[in-house]
Amino acid sequence: MAKTRTIPFRYTVYILSVAGFVLSFMAGIFFGGWFIALPFIFGALATLGTWDLLQSKRTVSRNYPILAHFRYFLESIGPEIRQYFIQSDTEERPFSREQRTIIYQRAKNILDKRPFGSQLGMYDEGFEWINHSMRPVDLTDADFRIVIGKHCARPYSASVFNISAMSFGSLSANAILSLNTGARMGGFYHDTGEGSISRYHREPGGDLVWEIGSGYFGCRHKDGTFNEEMFTRNATSEQVKMIEVKLSQGAKPGHGGILPGAKVTPEIAEARGVEPGEDVISPASHSAFSTPIELLEFLERLRELSGGKPVGFKLAIGHPWEWFAIVKAMLETGKKPDFIVVDGGEGGTGAAPLEFINRLGTPMTEALLLVHNTLVGTNLREDIAIGAAGKITSAFNVARTLALGADWCNAARGYMFSLGCIQALNCHTGKCPSGVATQDPRRSEKLDVRDKSQRVYNYHRNTLEALMNLLAASGLRHPSELGPEHIIRRTSRTEIHSYKDLFPFLEPGALIKGETGERVFDIYWPEANAHSFEPPEFIRKLRDTKLQ
């Protein structure tokens, strides 16, 4: 095809910029005054256009010199445009404006009422509600608590709504100070995240759950292996109430990570027990154990070293036989965790590859049901408390999660909103506009600890008061009374079902008796091995062939 000899119309802005530079330069020489400024403006545009034509990395810029940058600018603010001007109040991307607003209002202790009825589609499939009672009760105390580790020397009385794992390093110093101060004021716990216990966790004195990941931060040798002496020193602190071993997390299950040395400041290095300025690796799996039985032995050792505090683990559910293998190990050895935290695959505060956020890990509802049913079916449920996390922001979210089988709930992003997070989705860039998820002191120092810690406290208190009102209207006196019969879901425009009818719930001991009638248990439970996380033989065979 012959090349056209005419100048494309898309070059118009570039040509006008060059012409404007020449003409304004001449006008500046002859007339002076404000004409002197024009050559700089047109010259900058002409230089940008010339660069666009000469560079080879961006074809759009070569074809549309100068104009392409307007596209890049609009694309860069696309999330903000959609969030503020296009999305409806109820569209969750990832949290709706309605969800964020209720948190902001409760955190600020201002009116959280709504006029003129619900904006939700009550006849849409998936709509959920809690049934009320003709005999509501009068409740006055919203400080609902659950005892964790009742067989331990030092059990812990936990709130039913706590701060989920977020490390110092992913959050700023002032954010950690605010969260822990709010936790101390409200009498609920603050999970450290796997970045260990920093000076900003310790300073306010709020209750801590120390999370230990595969990097063993705060309790590691120089080679990254577990260090008992360092663990004991931290675990016996009065502020640490429970120990949580992180097997996997909802944001990026099965994924390790590297914290570049440039981000390892002296303060982060102090908390994690590493050298400042050096790359820090979090392996994908633990080195302290490699089998289900070794995991339970490790937990038991941590309980001894901590002086009898509750010890458990957090996991996102993946292959069911691996979870079943842990439970079989409990039955075989008699060793049990005091608690299990189920992290939903909805993704959390940790930045992760898109596929991990969207397509890896079981969502919280199904994950929680599997864990709860397995423990019920093996008669272990009453000995092991269950926490759950996964986009929990409101009292109804708490209620539905407890009705599915959890004893308490954790939230990360909800508490970030209470700190002033605006869902800018810049958590991984260090450019958080609210000073929450950044290590840039010029941004984080603007976050006022005194004000934000009060908001954290308010959000927790007002959410539990809303839960109290839901319970009272339902004729219940404590969240532990919530069951699957209380939550209703619309499955079509003409059909509704309670959770009790919609989801399978095993009878106590059903797994031991082999009478579940549920496919996941019938297929994978008999093949799970307390001595190995390896897949069953029939799964290994399937991996060797496409002839299935």
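These are my notes from looking around this predicted model.

**Ground rules.** I number residues from 1 along each chain as its sequence is written, and my side-chain values use heavy atoms, without hydrogens and water. Since the model is predicted, local features need pLDDT of at least 70 and side-chain atom pairs count only at pLDDT 80 or more, while totals for chains, interfaces and linings use all residues.

**Helix α6.** I looked up α6, which has 12 residues, 97–108 (helices are DSSP runs of H or I, at least four residues, and strands runs of E, at least two, numbered from the N terminus). From first C-alpha to last α6 reaches 16 Å, close to the 16 Å expected (1.5 Å times one less than its number of residues).

**Nonpolar core.** Next I checked the largest nonpolar core, which has 129 residues (buried Ala, Val, Leu, Ile, Met, Phe, Trp, Tyr and Cys joined through side-chain atoms within 4.5 Å; buried means under 20% relative accessible area, exposed over 50%, partly exposed in between, with a 1.4 Å probe and protein chains only). F231, W323 and I340 have the most contacts inside this core. Leaving out residues up to four places away in sequence, I340 touches, among others, F313, W323 and V371 (contact means heavy atoms within 4.5 Å).

**G257.** Is G257 buried or partly exposed? G257 counts as partly exposed because its relative accessibility is 27%. I see G257 in strand β8, residues 257–259. Its C-alpha is 5.0 Å from that of S282, 25 residues apart along the chain. Beyond four places in sequence, G257 touches V280, I281 and S282.
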